Amino acid sequence: MQALLHTMSSMSATDLASLLTARTLQFLPRLAKYLVFFLFLVQIRSWPFAWHYRVWHPVFVLRGKFLAHRITNIFRSPEVRRQRNLEWLENLSNVGKNPFDLVSVYKNWAGPDDCDFNLHLSNSSYPKHLDAARFKYALKACPTFFRVGGWMGLGATHFTFLREIPMFSNYEMRVSVMSWDNKWIYIVTRYVTKPKGKGKKTQQVKPAESPAPSAEAAPKPSLHTANGLSTGTSTPAGTSSAPNPKALAAQLLERPEPDGAVLNCLSVSEIVCKIGRITVPPSLVYAVDGFCSAPPSTADVKAYSRTNPPPHWERVRALRGDAHPNADSPSGATLKKLREFYTHGWREVPEDERWWEQALSGEVEERRLKGLACMQALRKGMEEARTI
């Protein structure tokens, strides 16, 4: 060690700098490799086809469960296998449930590849992950529609950013239906985070006073998530019988989460159901998968379920032909009849006999109209913006 120090002390400053530079350059390639590998792992969710995997993951899981079910019955007779397979597929339908009570939860976290330079979830990352959450809900709500070759197209998406989601935070995307009309289904996605700690109340923090900028300072841009909640008063725009968009939208924003989670962002998507190029009414899609209103409170009837199906469920089974567990035909299960009813058969049913609309009457119809008023106000505003 002393000899090394003596040698270095006898060297000139130029020779010493050259030696240190040469030794440093020997380690730089190895350090660069580790750094590149680390960045490659950090961006794993942005790798090629990673988005496709996230979107199609519910399909892979569902098909895997069905394959496992078929394997468990592989040694049974063909008739028993067919019976159990059809029962398994029919159990995917939400028989007896209220469509507004179905909530699909998609869990995620704000990774470095999804965040911006403010160290919170970038505004562009909200729609990036919305596709997977929305598809998970669609597959859970309408499995029969997808089995006959149906698909759902996205018409529009609207976002309201309320609070930022910090980097590395866990958050949930809670997807549910808001309303529907003759063509569009309006899907609401609530981005929520759970407060840290129990019993802690959110405190309002006063913004710190920033020093006055210098007259010679260069531009310093900054992007933040603004609070989308409306506070204070506004100048009245005159009385009108038309629905107030702000008041209707506030009903969505002010609705508390059942578990006390914090609402960070609200998204509304417009989805259309298609088979080929033909549009299928949303009410028919929901009713065929078992959704319905609860029985009248005055009637001495138990709540609808798979063991106590709603009245319209026998019509659905008739449309499925022999593709249901109680069919008499031993083989050749097909959904051709149901597909034809989806595409054009429903048009031949008189309006006063459309059982799918009757199944979704009562409380479901009241909630549908309430949500539809909010969406009509939003669509009107977007359509008027086109003329500006």
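**Charged residues in a predicted model**

Let me start with Asp 289, which lies in the loop between α8 (282–288) and α9 (313–319). Helices here are DSSP runs of H or I with at least four residues, strands are runs of E with at least two, and both are numbered from the N terminus.

A word on the source. This is a predicted model, where local features need pLDDT of at least 70 and side-chain atom pairs count only at pLDDT 80 or more, while totals for chains, interfaces and linings use all residues. Residues are numbered from 1 along each chain as its sequence is written, and side-chain values use heavy atoms, with hydrogens and water left out.

Back to Asp 289. Is Asp 289 buried or exposed? Asp 289 is buried and has no salt bridge; Arg 320, the nearest side chain of opposite charge, is 4.8 Å away. Buried means under 20% relative accessible area, exposed means over 50%, and partly exposed is in between, using a 1.4 Å probe and protein chains only. A salt bridge needs a side-chain nitrogen of Lys or Arg within 4 Å of a carboxyl oxygen of Asp or Glu. Leaving aside neighbours within four places in sequence, the contacts of Asp 289 (heavy atoms within 4.5 Å) include Ser 93, Cys 142, Phe 145 and Trp 313.

Now to the pairs that do form. How many salt bridges does a search of the whole structure find? The search finds 13. One joins Glu 90 to Arg 317, with the closest N and O atoms 2.6 Å apart. Glu 90 sits in helix α4 (residues 78–90) and Arg 317 in helix α9, so this pair links distant parts of the chain, 227 residues apart. Glu 90 and Arg 317 are both buried.

Next, Glu 172. Its salt bridge with Arg 174 has the closest N and O atoms 2.9 Å apart, and for the one with Lys 194 the figure is 3.7 Å. Lys 194 is in the loop between β4 (184–193) and α7 (245–253), whereas Glu 172 is in strand β3 (residues 170–180), 22 residues apart. Glu 172 counts as buried because its relative accessibility is 12%. Arg 174 is buried too, at 9%, but Lys 194 counts as exposed, at 52%. A network of salt bridges links Glu 172, Arg 174, Arg 190, Lys 194, Glu 257 and Asp 259.

Last, Glu 353, in the loop between α10 (336–343) and α11 (355–359). Glu 353 counts as partly exposed because its relative accessibility is 46%.

Key:
Lys and Arg count as positive and Asp and Glu as negative; His and the chain ends are not counted.
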